[in-house]
Every structure is written in C-alpha cells, then in structure tokens.
Amino acid sequence: MHRFTLEAQGIQKSFGGVRAVDQVSFGVRAGEMLALIGPNGAGKSTCFNLLNGHLRPDGGRVKLLGQDITGLAPRKVWKRGVGRTFQITATFGSMTVRENVQLALQSHRGELGRLWTPSWRLRGGQADTLLERVGLAGQARRPCSVLAYGDLKRVELAIALANNPRLLLMDEPTAGMAPQERVGLMALVAEVARERGMSVLFTEHDMDVVFSHADRVLVLDRGRLIAEGTPDEVRANALVQEVYLGSGFEPEPEAEASAC
Amino acid sequence: MENLLLQGLNGLASASSLFLVASGLTVIFGVTRIVNFAHGSLYMLGAYLAFSIVAHLPRGHLGFWGGIVLAALAVGAIGALLEVLLLRRIYRAPELFQLLATFGVVLVVQDVALLVWGAQDLLGPRAPGLRGSVELLGLRFPLYELVLIGIGPVVLGLLLLLFKRTRWGTLVRAATQDREMVGALGVNQRWLFTSVFFLGSALAGLAGALQLPRESVNLHMDLATITEVFVVVVVGGLGSLPGAALAALLIGELHAFGILVFPKITLVLVFLVMAVVLVIRPRGLFGRAQVAQAAVASVAEPVLGRAPPALKWLGFAALLVAVVAPPFLAGDYALIVLTDMAIAVLFAASLHFIMGPGGMASFGHAAYFGIGAYGAALLTKWFAAPMLPALLAAPFCAGVAGVLFGFFCVRLSGVYSAMLTLAFAQIAWSVAFQWVEITGGDNGVLGVWPDPWATKLNFYWLALGCSVVGTLALRRIALSPFGYALRAQRDNTLRAEAIGINAFGMRWVAFVLAAGFAGVAGGLFAFAKGSVFPTALDIPRSVDALLMVLLGGVQTLAGPVLGALAFTGLHEQLVRATDYWRLVLGAVILLLVLAFPQGLAGAVRRWWEGRRHA
C-alpha cells in the first residue's frame, strides 16, 4: 500500500517567464478529501492541469500509486484510475444522462472498439446504479442538454466515478451553484469517497465548503505552496491569514475568469 | 532565362487577380464566419456586368475604367442585398447550412447569367491605351498585365489603410478577433456585417471586371475561381489579408512555373501545396485561433432517438414498393433513375456518417466515391475481373485512400479540415485526369459492363441491396459504443479525452469507414454507367453529396436517405423539364434553408411529433 494515492514532487510550470507553479510538492493520502485553495491567480488551475495531464510540467514528477505519470495525456491518466470533473461542466449534450454514464463505463471496460453491438445493450444496469447513487435515477432518460446546472454536476460526478477511480480531481466543483446545492453536492462526494476509499483533490472558492468537507487543506499563493494542514491549522496559520484570509475571510466572487 | 522572367510576370498578374478575389472572401469570413461559396459567382457577375456596362458607355478611358468601377460597385450592392435578404436570417444556423445557402446562390446566379448573357463565351473590349506591350529585356510583355500587377499591391495598401486608420476598419478587425465582444460593446453588428459584405463583394466584382481584357467571360468562371480562391484563403489563413496576399503570390507563381517544371502534374501542384501547408500549419500561414467560436452556433445536437414506429413502418412500406414494383415498370429509364437513387442514398449516408456523428465536414467526399469507381473499373479493364470481385475491391481501394487522406484531415478541425478534404479530392481528380496511360484521362474508362446475369433489373436489385445493407450497417455502427464515442468527441472533445476516448483515433476510423462505404457506391456507379470519367470525383459530385446530406438534415440518421431521394428525384425531373434546372434547384435550396434549418427529416419528424402531441 502506498502512503500517497497521488504525489506531486517539485512540479513547476512557467508561462512566458511567469512561474505559475513553482516547486510544489504534496501528497494526497488514501481516502482523504484534500482541498487546494488560494487567491485568484495563485496557480490552482495550472497545478490541477499538471496533475490531470492537460499540461506537461517544466520540471518535477507526478506519481500515481507510486507510478510515474508525468506528462501522460489526460486519456492515459484516466486509464490509470483518475476521474475528473470540470470547472464548467462538460457532458455530452446529444446523449441522455444514462447514455453519458454508459459511455464512460463502456470506455472503462474497453468496449469502444465494438462496432456492431448496440450501445444500449452494454452497461445499462451499471449506469443506473451509478445514477441512483448520485440521486439522478429519475432523470436517466432526459437529454443532458436540457438538465439544470446542479443536476449536470451530478451527471459529471457519475461519469467520473465510472472507472472506479482511486482519485477524483474536481476543479471548482461547486462553482455556479446555489449555496444549498453546494453543500448537498459536497456531502454526496464525501459520502461516495468514504464508501469507495477514494481520495478527492478539489479546488474551491467557497470557504464553507472547504472547512466543512476537507480533511486537509493546501494553500497556494503566487505559485508556491505556503501552508498545508487540517482546516483548523490552516485557519490559524499567520502566513495564510496575511496573504489570503487577511482581507476579511470572505469568499471571493466565483468562477474566477482569469484562471483557465 | 527570358522565359523565366516572362513566366514570373505572368505569375504576378494572376497573383494580383487572385488576391483581389481572395481578399474579399477572407474579409467576409473574418467578420461573419461564413464560407461564401457564392464568392466566385460574384466574381463572375463582375465580369458579365462590366461587359454590359462598358458596352453601353462611350468608348475611351472614362468609359472603360468607369465601367469597371461601376460593375464592382454593382456587385458590391448585390452582395449587400444577399446579406440582408438571405444570410442575415441564418447567422445562427449551423455553419454548414450557411454553406448550403451560399451554394444555392451559386446555382441561381449561374442560370441567371445564362438567361441574361447566354451560353456563348463573350469577348470584352481591350483596355484603351493599354493594348500594346512593353519591351522588357528584349521581350514583349502586355501592358495591361503590367497594370494588373500594380493593382494588387495598391488594393492591398488601400485595404490595410482602411483597416488600420478608420474607425470602421478598427471595428472590422475587432470583429474578426472576437465578434461577441464587439457586439457586447454596443456596435451595430447588422450594419457592420452588411458593409463588410459590400466591400468583399465589390472586391470580387472588381477582380472579375478586370479580367475583361484578359480572357473571355463565361459561365464556368465561378466554380473555377472559387476553388482557387479557397486555396489561397486557406493557405494564407482564414481572415488574414497579408496571408491572402502572400498565398496569392505563392499560388500565382506556382501556376506560372509549374507549367515549366512539372507540366504533367500542374493540376495537382496547387492542391499539393495546400495540403502540405495545412499539414505543417493547421491554420494556414497567418491564421490564428478564433476566440469565442463556441458561442456562435452552440446549438446542442439533439439526442439520437429511435424513429417513431409509424414512420418506421412507412419506411418499410416504401422499401417494399422499391423491391416489388420495378419489374412492372415500363422501360429502362425508370430503372436507371431508381438505380441512381439507390447509389446516391449509400453515398449520402456514408458522408453523413462523418458529418453527423463524426462532426467533421468534408468537401471532398467524391474522392472515395470516385476511387471506388475507378478501382472497380480499372480492375475490369486491365485484369478482366468479373463484376463481383471488382465490386468487392471498390471499398478496399477507397478505404486505403481514406486511411491515407483521413490521417491528415481528421487532425484539423472545422473549415480547415473541410478544405484539406477538398485538396485531397482535387489531387485524386487530377490523377484521374492527367494520368492518361492508366485512367484514360478525360476519355475515361469505358466498357465497364456488368456480368451477363446482371440485367438492368437484376443490377437494380443488387444496387438496392447494397444500398440498404450499407445504410443500415452505418446506422448500426452509429448506435454502437464506437458510434457513441464518435459523437462524444464531437460534443465535447475535452470531456471525451477525460474518459479515455481517443478522439483522433475515433475520427480516423470513422473517416475510413465512410470512405469504404462511399467506395461501394462508387463501384456500383461504375457498373451502372458502364464507364467512369474524372467527373466521378470532381467538386460538383462532392457538392451533390453535401447537398443531399444537408437537405435531409445532419441530425437524424434518416436524413441522408430522404435528402438523397429528394435531391436525385428533383434533379432528374428538373433536368428533363427545363434548361434552367439550376435556377429552380437553387431557389428550392434557398427556400428549404430558410424554412427548415433542421433539414427535411428533422422537419418531418417534428411535424409528426407535433401532430401527436396536439
């Protein structure tokens, strides 16, 4: 058993001379909910994209269960057991909710090369189980394009769970949702993670969500990791208060547009 | 040496004209994102109008140059009118529908020109005072060509000034970068779009008018020009003026020197260059990624459902009639038309497979149809193969071409990908046209007759069987996990990759499959006609397939079937009934585009569902 599900070792990335992520190291422990926070432009999204394969780090290593996955394409990172959700929800609009989840399941089982079997015959039952788990059983037959935003987030979650991930990466999981919905979604994520022994790494702006659901918190500022610890430790950290919470402990306006 | 200089100057003159047309197209595309197929028609109109206007004005400098300018302005006005009456209504429609609309315009303009100016080539007057030639290093070079060489750079300069120094130009540049943003800043987009259309069309008109003293005015100017100009604009990078200028220079000189260096492959050369440029620089020489493209036409594709049972039964009934009725039909004509229809359905269904589920546009699908046809025909001609083995070889040949061409095409996206398919199709066409020893060139491959057992009726049943099986197979594949994965990468590539879908691989396989099925259609075509000519893979045939798919509707699996039947039937009837079938067909297309942006199948289904809910 590895101590860390995912481990970042001194990863860094620069954009035109600006160090967006600078020598960041941390580990995600098995089964924990780890929050990555920081002010706008701190490098959260870049850091995330280095982990999920969208960006290749200039230096450093990323290891999943002890195996080096640095610079692997997102597709291959997924195959190693990493699920992810996007800041702006991404589902397949021309398919029903059930078909979305079915497709992810089929992909996980290596069934996408099948040209002759009708898709509806494969993995339908498993898709229903997953949809039930995220509370969408009633919406299974509706097209994703007509779903409410909060429900789409749940579809994404079900899709992300399709490959039984060891680690779930969630970029701003509650961005754009109403306050009550946020709590509901994160409670669901925490529950599922506990059931499956799955680790979750998420970035978040809503401090309520962070402090009520994270087991540990990482704080980034200007590309550097400035603090790491339990929510209470981070809250008490003087440096964090200075650079981040000093401004009155207020959640920032959401959907940080500058981070891409 | 002298010859080289002369060719260089000739190249400059054609580069200059090419640039004038291309600059208009690229400016229009930059702002409105419309790939205007009708731009070549505007060019042709410029030439015709100049011919008539100059003839009515007094002779002399004023009459000639005044006529040229008046013609350009008139074409500009026609372009603006086109924007207001037609395109303005469909800016929100999918990109391909706009393309279909502009193609409708091409057809209408062709026949209007035929009606007004007749079918014979017209010879315009020479430019007053520029009839002679100048001596350059002991060689004579026409004075008018020299003037033409000068006009290109002057227009480029004026355009750059216009775009850099005026408020209007600033707005156009801003809209080229991010049209949503310009709208958000409160700029009146309607006026901006109309004025851009005026300018772009006027440039095309000017280029056409300036050809008057150089060559005869004829009805083929439109398509001949639009292909060349597409190449220029794409090589330069869509929306980029300097790009268009550089590419025009490149293509113009390539033409001039290609004749000297590679007389055997002149036709291929231009498209080869385009293919190479796009492979190395997927957005052309000066092209840039577009911002906020998603916001333009982000209409979610509907869920692929099963057809309502009643419609399904209707389809079965129609098929039954198609199988049972033909023996009772009198004469071969009906059988020939029905066979054509069966072939068209399969051809359209294969194109639909990459356009609908795949989300890729192909302007060159005829390549695979034609390669299938030539494959089967050449096997019978050179190896005396019987019909069935030859038919089996057809999809194989087309599939191999699909593997090769598809590898490059599916890596690009949108218009660039479509243009690369066009380039490959033109390369295939040029090979068929210029490799006379093997293909017979323009004379085609003759004597590709079916086996004795395949009478007209039996062959029809064979074609129908292949068509039905092929279309159903494509449908089944579209509904398989592979088909879903294909649609997934179309809907959202990022998400698709995040669940382990190899988008490139999916597109490539889909491309090869579509090529293979088009090849089957092509093979059948060869035996149905008993011969194959280069027209089997020319641009009009690719456009026919596009028309069928778009008429039927991209979003439903039944679309291409209906579209192919409607198009073939209409086409057949019109050609028999009137000399001006293009005019009618174009008008029908325009009406359909305005009335049913979902295509025929979508409209029928919506009407059906609406009736049931009512």
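User: How many residues does the contact take from chain A and from chain B?

Analyst: A word first: this is a predicted model. In general, the size of an interface is often given as the accessible area lost when the parts come together. Here we count residues instead. Chain A puts 31 residues into the contact, and chain B puts in 26.

User: Which elements of chain A give two or more residues to the side that touches chain B?

Analyst: Two helices do: H2 (74–79) and H3 (97–108) of chain A. H3(A) has the largest share, with 5 residues. By class, this side of chain A divides into 15 nonpolar, 10 polar and 6 charged residues.

User: Now chain A by itself. How do I judge whether it is as compact as a globular protein of its length?

Analyst: Start with the inventory. Chain A has 9 helices and 10 strands. Then compare its radius of gyration with the globule rule. The radius is 18 Å, close to the 18 Å that the rule gives for 260 residues, so chain A is as compact as a globular protein of that length. Along its principal axes, the C-alpha trace spans about 60 × 40 × 35 Å.

User: What share of chain A counts as buried?

Analyst: Of its 260 residues, 48% do. Among contacts in chain A with a separation of 6 or more, 67% join residues 24 or more positions apart.

User: Into which domains is chain A divided?

Analyst: Domain 1 takes 1–81 + 167–254, and domain 2 takes 87–164. Their C-alpha centres are 26 Å apart. The contact uses 14 residues from domain 1 of chain A and 10 residues from domain 2 of chain A. On the domain 1 side, helix H6 (residues 179–196) of chain A has the largest share, 5 residues. That side has 9 nonpolar, 2 polar and 3 charged residues.

User: Why is strand E8 of chain A called largely enclosed?

Analyst: Check burial residue by residue. In strand E8 (residues 199–203) of chain A, 5 of the 5 residues are buried, so the rest of the structure largely encloses the strand. Both faces are covered. Ser199(A), Leu201(A) and Thr203(A) are buried on one side, Val200(A) and Phe202(A) on the other.

User: How many residues of helix H1 of chain A are buried?

Analyst: The count is 9 of 9 for helix H1 (residues 44–52) of chain A. Among them are Lys44(A), Phe48(A) and Asn49(A). Gly53(A) follows the helix, with a positive phi near 100°.

User: What does the domain assignment give for chain B?

Analyst: Domain 1 (2–280) and domain 2 (309–613). Their C-alpha centres lie 32 Å apart. In the contact, 33 residues of domain 1 of chain B meet 32 residues of domain 2 of chain B. On the domain 1 side, the elements giving two or more residues are helices H4 (95–117), H9 (221–236) and H11 (266–280) of chain B. H4(B) gives the most, 13 residues. By class, that side has 27 nonpolar, 3 polar and 3 charged residues.

User: What length is expected of helix H18 of chain B, and what does it reach?

Analyst: At 1.5 Å a residue, 33 Å is expected. Helix H18 (residues 456–478) of chain B has 23 residues and reaches 32 Å from first C-alpha to last, close to that value. Its buried residues include Phe459(B), Cys466(B), Gly470(B) and Ile477(B). The cover over its buried residues includes helices H12 (309–324), H13 (332–355) and H21 (503–529) of chain B.

How values were computed
Residues are numbered from 1 along each chain as its sequence is written. Chains are lettered from A and ligands numbered from 1 in the order in which they are written. This is a predicted model: local features need pLDDT of at least 70, side-chain atom pairs count only at pLDDT 80 or more; totals for chains, interfaces and linings use all residues. Domain bounds come from an automatic or database domain assignment. Two residues are in contact if their C-beta atoms, placed from the backbone, lie within 7 Å. Helices (H or I, at least four residues) and strands (E, at least two) are DSSP runs, numbered from the N terminus. Ala, Val, Leu, Ile, Met, Phe, Trp, Tyr, Cys and Pro count as nonpolar, Asp, Glu, Lys and Arg as charged, and the others, Gly among them, as polar. The radius of gyration is taken over C-alpha atoms; the globule rule is 2.2 Å times the number of residues to the power 0.38. A residue is buried if 20 or more other C-beta atoms lie within 10 Å of its own, exposed if 12 or fewer, and partly exposed in between; C-beta atoms are placed from the backbone. The expected span of a helix is 1.5 Å times one less than its number of residues.
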